[in-house]
Amino acid sequence: AIGITRITVGVITDSFFSFRNATYIVAKAFKTVIDVFPKLFDHIEFAVYCEDDAHSMNYEAFSSVFCI
């Protein structure tokens with residue numbers, strides 16, 4: 001991935017896309033990889049799906065893990 005400095009990650013967590021993992025676990029997995037490889041990208045953007053209150057857990061999980 002030479003020359004790629006930015007990445008956007010689409011985050012849709014439910015029983016299909018996250019392989020039945022809790023949203024928080026998925027967020028922690030992303031955080032762990034970023035911590036292990038901190039200089040892999042200059043900019044990482046998460047597109048977190050939260051259309052309504054039923055999906056707000058997606059944003060809340062990523063917000064708490066990444067302190068935003």
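**Charge pairing and pocket in a predicted model**

Me: Why is the contact between the side chains of Asp35 and Lys31 called a salt bridge?

Reply: The side chains of Asp35 and Lys31 meet at 3.1 Å, N to O; a salt bridge requires a side-chain nitrogen of Lys or Arg within 4 Å of a carboxyl oxygen of Asp or Glu, so the pair qualifies. By this rule the count is one salt bridge. This is a predicted model, in which local features need pLDDT of at least 70 and side-chain atom pairs pLDDT 80 or more, while totals for chains, interfaces and linings use all residues. Residues are numbered from 1 along each chain, and side-chain values use heavy atoms, without hydrogens and water.

Me: What separates Asp35 and Lys31 in helix α1?

Reply: About one helical turn, because the two are four residues apart in helix α1. Helices here are DSSP runs (H or I, at least four residues), and strands are runs of E, at least two.

Me: Which elements give two or more residues to the lining of the largest pocket?

Reply: Residues lining the largest pocket include Ile7, Phe30 and Phe46. The elements are β1 (6-11), α1 (23-36) and β2 (43-48), and α1 gives the most, with three residues. A pocket is an open set of points on a 1 Å grid where a 1.4 Å probe fits, with protein on both sides within 12 Å along at least five of seven lines; lining residues have an atom within 4 Å of a point.
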